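Good morning, colleagues. I shall present selected helix contacts and ring pairs, with the criteria behind each term. Please keep the structure in view as I speak.

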Amino acid sequence: MRACQSLARNNSAVRAYIGRLQDLIVGDGFLCKPGTPDAAFNRAARERWERYWEEEADAAGILPGYQIARAWIRAGLTDGDCALVRDQDGHVQIVEAERIVHPTSLDTVVDPKSKNTVVQGIELDDRGRTLRIWIAPWGPRQTADAGKATPVSAADVRMMRWPQTTQPNMVRGEPGLQAVVEQMNMLARFMRDTAAVQQLLTAFGIVVESPNPQNTAAGMRDALTGPADSKAGPASNLDE
């Protein structure tokens, strides 16, 4: 997770990819297009949705709805999942994946009679259905305080997992960027090393003395294949 988060922050190609994916999936947000025979109702429904989506969706009162949607796309790529918690007024709170933890106050089995278990912060029944999500507050060191984790009913929270169809039994999502972390880091190192070489080439010059200076191509070929006197050093210090 940390490697994917770092990649999203520091790699310009990955940042561009995330932004493009958000544009394709979310764009400016979701629209409400009621199609009832009542034109007045359709208009009122659209206006109510737009007001909610732009001004009321975020429980913190900071983000418009479309940015909440873009945020969970990014979370799926960098963290694997996040939780959207709905309060009684219909507002939505985004909960980071790092705050969904196994509570330290509980054993793996919550209730021996019901056989409910908590796996990576998700409480499941004996059939694997989600019952509750355990959410911890941030601690003083910006890490989740698992000792203070409290449960939220599955009816009031939606886990936004990055799809992983090859492993259907996964309880938590896998970061979408996980598979390309090493490749993108290799590309970044290659680009950095290539840039360093280019800087060296511009800082140093090479003068080749050829017996056939009247023909540039032939002179360079003779210099490379036959005896020649070469001088190398900082371009500013070479004799003309």
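Ala3, Cys4 and Leu7 of helix 1 meet Val181, Met184 and Asn185 of helix 5, where contact means heavy atoms within 4.5 Å. By class, this contact of helix 1 with helix 5 has 5 nonpolar, 1 polar and no charged residues. Here Ala, Val, Leu, Ile, Met, Phe, Trp, Tyr, Cys and Pro count as nonpolar, Asp, Glu, Lys and Arg as charged, and the others, Gly among them, as polar.

Regarding provenance, this is a predicted model, in which local features need pLDDT of at least 70 and side-chain atom pairs count only at pLDDT 80 or more, while totals for chains, interfaces and linings use all residues. Residues are numbered from 1 along each chain as its sequence is written, and side-chain values use heavy atoms, with hydrogens and water left out.

The axes are lines fitted to C-alpha atoms over the stretch in contact, and angles run from 0 to 180 degrees between N-to-C directions. Helices are DSSP runs (H or I, at least four residues), numbered from the N terminus. Helix 1 passes helix 5 in a left-handed crossing, meaning that the near helix is turned anticlockwise from the far one by less than a right angle; clockwise is right-handed.

Helix 2 (residues 12–25) packs against helix 4 (residues 65–78) at about 135°, with the axes 10 Å apart. This pair, helix 2 and helix 4, is likewise oblique, and the crossing is right-handed.

Finally, the aromatic rings. The structure holds 4 aromatic pairs, counted where ring centres of Phe, Tyr and Trp (its six-membered ring) lie within 6.5 Å. Trp49 and Tyr52 form a tilted pair, 5.8 Å centre to centre with 40° between the planes; planes under 30 degrees apart would be stacked, over 60 edge-to-face, and the rest are tilted. Both Trp49 and Tyr52 lie in helix 3 (residues 39–56), 3 residues apart, about one turn of the helix.

Is Tyr52 buried or exposed? Tyr52 counts as buried at 18% relative accessibility, whereas Trp49 is partly exposed at 26%. Buried means under 20% relative accessible area, exposed over 50%, and partly exposed in between (1.4 Å probe, protein chains only). Ring pairs link Phe30, Trp49, Tyr52, Trp53 and Trp72 into a cluster.

Conventions. Helices (H or I, at least four residues) and strands (E, at least two) are DSSP runs, numbered from the N terminus. Angles under 35 degrees count as roughly parallel, over 145 as roughly antiparallel, 65 to 115 as roughly perpendicular and the rest as oblique.
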